[in-house]
Amino acid sequence: MIEASGLLEPTTGAPRPQNDTVGEIAAFADRQTGQLDKANTDKGGVKRMGSICDDRQAAALKEAQRRTRKKVLGVF
Amino acid sequence: MKLPKLTLPRTTGWRLALTAIIIVVAWTILAAIVQWWNAPREAAQQRGEAITQQEATKGTGEAAQAALQTVTEVRREIVRIDATTRRNDHAIKSAADAGTRAPGVAAALHDSLCRRASYQREPDCAAVLGNDRGLGPAGTDDGRAPATE
C-alpha cells in the first residue's frame with residue numbers, strides 16, 4: 001500500500017540557478033527549501049500510513065479475538 | 001488305531017459371532033463419541049478462522065481508504081508548497097538588488113551542486129567531478145565550470 005502510494009519516490013532537487021544574479025541564487029535556495037518541505041511531507045504521509053496500517057491490524061485482531069472468545073454459559 | 005472325533009462345542013460359533021458383533025458395536029459407539037466430541041471444536045475453529053479473515057479484510061479495506069485519504073492530503077500539501085515557491089520566487093526576484101550579478105558565487109554554487117547526488121548526473125557536472133578525481137579535461141584546472149547553463 002505504501003509502495004503503491006508513490007510517497008517513497010525520491011524527491012528531486014530544485015532546478016539550478018539559470019543565471020548568476022543574486023535574486024536567482026536566492027530564489028534557488030527557496031526552491032530547494034520547497035523540495036525539502038515536499039520530502040518531509042512525503043515522509044509524514046508514509047509515517048501516517050504505517051501508523052494507520054498498524055492500528056487497523058491491531059483493531060482487527062482484537063475484534064477477532066473478542067468475537068471468538070468462549071462465553072461463560074453461552075452468554076457472557 | 002481310531003482317532004477320537006474332534007468336535008467343537010456348538011456354542012463356540014455363537015460366541016465368536018457375538019464377540020464380533022460386540023466389537024463392531026463398541027467401535028461404532030466409540031467413533032460416534034469421538035465425532036460428537038470433535039464436531040463442535042472443528043466448527044468453532046472454522047468459525048474463528050472465518051471471523052479472523054473477515055476482520056482482517058475489513059481492517060485492510062479501512063486501511064486502504066485511510067491511506068488513499070493520506071495520499072490525497074499529501075498531494076494537496078505539495079500543491080500548496082509549489083504555490084508558496086512561486087510566490088516566493090516572485091518576491092525574491094522583485095527585491096532591490098535582485099538583479100546584481102555574482103558570477104563567482106554562482107560558479108562556486110554550480111560546482112558545489114555538482115558534488116551532490118541530486119545533480120551529479122547533470123551533463124555539465126562531468127567536468128567538475130572529473131577535476132575532483134584529478135581526471136578533468138584540460139582547461140578546467142581551476143575546478144570551475146561556467147556559472148550559467
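Select chain B: of its 149 residues, 9% are buried (a residue is buried if 20 or more other C-beta atoms, placed from the backbone, lie within 10 Å of its own). This is a predicted model, in which local features need pLDDT of at least 70 and side-chain atom pairs count only at pLDDT 80 or more, whereas totals for chains, interfaces and linings use all residues. Residues are numbered from 1 along each chain as its sequence is written, and chains are lettered from A and ligands numbered from 1 in the order in which they are written.

Next, display chain B by secondary structure. Chain B contains 3 helices and 0 strands (DSSP runs numbered from the N terminus: helices are H or I, at least four residues; strands are E, at least two). Read from the N terminus, the order is α-α-α.

The mean for chain B is 85, with 85% of its residues at 70 or more. Then select residues 137-149 of chain B, where the pLDDT is below 50.

Finally, show both chains. In the model, which scores ipTM 0.82 and pTM 0.66, 36 residues of chain A are in contact with 43 residues of chain B (C-beta atoms, placed from the backbone, within 7 Å). On the side of chain A that touches chain B, select helix α2 (residues 22-68) of chain A, which gives the most, with 25 residues.

Key:
Contact = placed C-beta atoms within 7 Å. Buried ≥ 20, exposed ≤ 12 C-beta atoms within 10 Å, placed from the backbone. pLDDT = per-residue confidence, 0-100.
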